[in-house]
Amino acid sequence: MEFQVGDKVKLKKKHPCGSFEWEILRVGADFRLKCVGCGHQIMIARKLVEKNMREIKKKA
């Protein structure tokens, strides 16, 4: 799976704010994701993102 900074991913579980979408801020062994709904940032392992991803929206 090919990920780039700026892409948006939709995950299976929603964030407590109600949003399913996250923007990718950093790519590597770990990802830094920013919630589109509230702006909260997290670091998460690549393996977990690939496992829990439903769809990816490429940056235009």
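A residue counts as exposed when its relative accessible area is over 50% and as buried when that area is under 20%. The legends below apply these cut-offs to a predicted model.

**View 1. Lys 14 in the loop between β1 and β2.** The loop that holds Lys 14 runs between strand β1 (8–11) and strand β2 (21–26). Lys 14 has a relative accessibility of 55%, so this residue counts as exposed. Leaving aside residues up to four places away in sequence, Lys 14 touches Ser 19 and Phe 20. Cys 38 is 24 residues from Lys 14 along the chain, and the C-alpha atoms of these two residues are separated by 12 Å.

**View 2. His 15 in the loop between β1 and β2.** Is His 15 buried or exposed? His 15 counts as buried because its relative accessibility is 16%, and the cut-off for buried is under 20%. Its contacts, again without residues up to four places away in sequence, are Trp 22, Cys 35, Cys 38 and His 40.

**View 3. A patch of positive charge on the surface.** Which residues gather in this patch? They are Lys 10, Lys 12, Lys 13, Lys 47, Lys 51 and Arg 54.

**View 4. Arg 54 in strand β5.** Strand β5 covers residues 53–57, and Arg 54 lies in it. The relative accessible area of Arg 54 is 60%, so Arg 54 is exposed. Arg 54 also belongs to the patch of positive charge on the surface, together with residues including Lys 47 and Lys 51.

Key. Residues are numbered from 1 along each chain as its sequence is written. This is a predicted model: local features need pLDDT of at least 70, side-chain atom pairs count only at pLDDT 80 or more; totals for chains, interfaces and linings use all residues. Side-chain values use heavy atoms; hydrogens and water are left out. Patches are made of residues with over 30% relative accessible area and no salt bridge: like charges are joined within 9 Å, nonpolar side chains (Val, Leu, Ile, Met, Phe, Trp, Tyr) within 5 Å. Accessible areas come from the Shrake-Rupley method with a 1.4 Å probe; for residues, only the protein chains shown count as cover. A salt bridge is a side-chain nitrogen of Lys or Arg within 4 Å of a carboxyl oxygen of Asp or Glu. Lys and Arg count as positive and Asp and Glu as negative; His and the chain ends are not counted. The place of a charge is taken as NZ of Lys, CZ of Arg, CG of Asp or CD of Glu. Helices (H or I, at least four residues) and strands (E, at least two) are DSSP runs, numbered from the N terminus. Buried means under 20% relative accessible area, exposed over 50%, partly exposed in between (1.4 Å probe, protein chains only). Contact means heavy atoms within 4.5 Å.
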